[in-house]
Each structure stands twice: as structure tokens, then as C-alpha cells.
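Student: I would like to learn how to read pockets in a model. Please start with the general idea and then go to the case at hand.

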Amino acid sequence: MRLTCQEQLLPGDTLQEKWDAAQAFGYDGIELRGQGGHRIRERLTELRRARRDGIELPTVCVEMLHFIGDFDAERRRDALENMRTQLSVIAEIGGTAAMTPAAYGMFSRRLPPFEPPRDEAGDRAVLLDALGALGEHAQREGVRILLEPLNRYEDHMVNRLEQAVELAEATGLDSVGVVADSYHMNIEEADPRAALVAAAHRLHHVQVSDSNRLEPGAGHLDWTAFVAALASIGYAGDLAAECRLSGPAEQALPKAAATLRAAGAGGE
């Protein structure tokens with residue numbers, strides 16, 4: 001399991017400076033953030049140079065204010081087009097996947113008014129339409145689109161790995177997979193190991209942060225058990241740090257890498 005780190009966490013003004021820091025801190029790659037407005041396409045010169053320089057950029061995680069499950073059709077369309085762009089760019093620079101949640105911060109059944117303006121059948125139809133279109137595009141590009149479950153307070157549609165897996169399988173496309181995020185799993189999964197085992201055939205990426213959304217080792221998650229669960233299903237992909245930091249990056253990120261390696265992660 002290779003350790004990677006999202007780019008915004010790393011010090012440095014350029015990808016080369018961030019790569020130098022990542023390696024010094026114990027990481028093997030950088031996870032990009034894909035902002036709206038097709039920003040990642042505007043970075044192509046920078047990203048092509050980074051690839052030529054040997055910087056590992058395997059994945060991109062979307063960073064937008066609206067997503068593929070938005071209630072508004074025009075916002076869904078824009079999210080879909082931005083994800084197409086991110087899939088094409090990550091393919092061009094030799095990466096493997098782009099990822100997105102169904103939505104973020106749009107609605108929660110745990111907060112008033114409790115009932116969303118679209119029913120469950122409508123949610124499912126919207127998500128399957130988007131994932132099918134993105135899966136076909138990803139297949140043509142030779143990469144994957146990955147659906148990430150978020151906790152019940154951040155999204156009302158896809159909270160658990162089993163829900164994401166069911167949607168991925170319903171597309172009938174191998175190019176549609178799922179992301180496991182340790183923070184969201186800590187809230188939503190009654191048995192994280194069982195959830196990982198059940199999702200193994202569609203699990204293509206893992207993001208890590210501790211129980212309090214800080215870096216691994218700064219909360220109370222059992223990282224030895226978490227990494228062992230991944231090892232038990234033969235997971236050999238990336239563990240990408242997506243978290244807040246408890247202190248300066250120069251202190252927090254090396255500690256997080258050491259925590260994960262001590263738990264049994266690390267290495268190609």
C-alpha cells in the first residue's frame with residue numbers, strides 16, 4: 001500500500017517543492033485536488049512537466065461546491081463536465097482515477113427539514129445517469145471514476161460503502177469503483193472490516209484521516225486493525241492523506257506516515 005498526500009497539505013509553491021516535501025515526510029505520491037471551472041485543465045502544462053520530472057500523481061479528488069447528485073440540473077451538468085475533464089487530465093498524466101461524492105453539504109436527513117426535495121428513486125436515477133456517463137468516459141480514457149460515501153451529516157444519498165458498491169455495480173461498468181474514507185467509515189460503518197471485505201471487488205482507493213478528521217495518529221482510530229483489514233482483502237492501492245493537520249505540516253505529516261507504516265502500510 002503506497003502512501004500519498006493531498007497537495008494542499010504539503011508546503012511549497014510548486015509541485016516540485018511539494019514533491020520534495022512529500023518524499024522527505026515519507027510519502028510516495030501526491031493526490032491532486034480538482035477545482036471547479038475546469039481548473040485542472042488549465043494546469044496541464046504544470047502537470048505534464050511534473051510527470052516528466054518523475055512526480056507521482058496517481059489520483060485527483062474533486063473540490064467543488066456542487067456535485068453529480070445536485071438537486072439542480074444545470075449544476076449537475078456542470079459537475080459532470082468537470083469530472084469528465086478531471087478523468088481526461090488524470091489519464092493524460094499517467095494517473096489511475098478521479099473521485100467524487102454524490103454531494104457535499106447539500107442536504108442531511110439528520111438536520112431540519114429532514115425530508116429532501118427529491119425522493120430516493122430520484123436520487124438513484126440521477127446518480128446512475130451520472131456514473132454511467134462518467135464510467136463510459138473513464139473506460140475510454142483507461143482510468144476509473146470512483147464514488148466516495150460521506151457521513152450522514154454531509155450527504156443524504158450515499159453514506160456507506162455498500163451503497164456506493166451497489167450503485168457502481170448497477171452501471172455494469174468495471175470503470176466505476178468506490179473510495180473508502182476512514183473518517184466517514186468511523187461514523188457510518190458498524191463493522192469497518194466487514195464493510196471493506198464486502199466492498200473489496202470495487203474498492204480502488206482509500207483516503208485516511210483519524211476519528212477527529214486530523215492526520216492518522218492524532219485521534220483514536222485503530223490503524224493496525226484498519227491496515228490489517230485492507231491487507232486481508234489484498235488491497236494494494238494507495239492510502240491518501242485527506243485530513244486537517246494538528247500542527248505544522250513538517251511535524252504532523254511525518255508522524256502520520258510513521259503511524260501508517262508502523263501499522264503495516266507503505267511500499268509499492
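Tutor: What follows is about pockets and their linings.
This is a predicted model, in which local features need pLDDT of at least 70 and side-chain atom pairs count only at pLDDT 80 or more, while totals for chains, interfaces and linings use all residues. Residues are numbered from 1 along each chain as its sequence is written, and side-chain values use heavy atoms, with hydrogens and water left out.

Student: How is empty space found?

Tutor: Rolling a probe the size of a water molecule over the atoms shows where empty space is left. On a 1 Å grid over the protein atoms alone, a pocket is an open set of points where a 1.4 Å probe fits, with protein on both sides within 12 Å along at least five of seven lines; lining residues have an atom within 4 Å of a point. Points are joined across faces, edges and corners, and the volume is the space filled by probe spheres set on them.

Student: What is the volume of the largest pocket, and which residues lie closest to its centre?

Tutor: The largest pocket holds about 500 Å³. It is lined by 20 residues, and Arg33, Tyr104, Glu154, Arg213 and Glu242 are the closest to its centre.

Student: Which element gives the most to that lining?

Tutor: β3 does, with three residues. Elements are DSSP runs numbered from the N terminus: helices (H or I, at least four residues) and strands (E, at least two).

Student: And the second largest pocket?

Tutor: Its volume is about 420 Å³. Among its 17 lining residues, Glu120, His156, Met157, Val158 and Gln163 lie nearest the centre. α5 gives the largest share of this lining, four residues.
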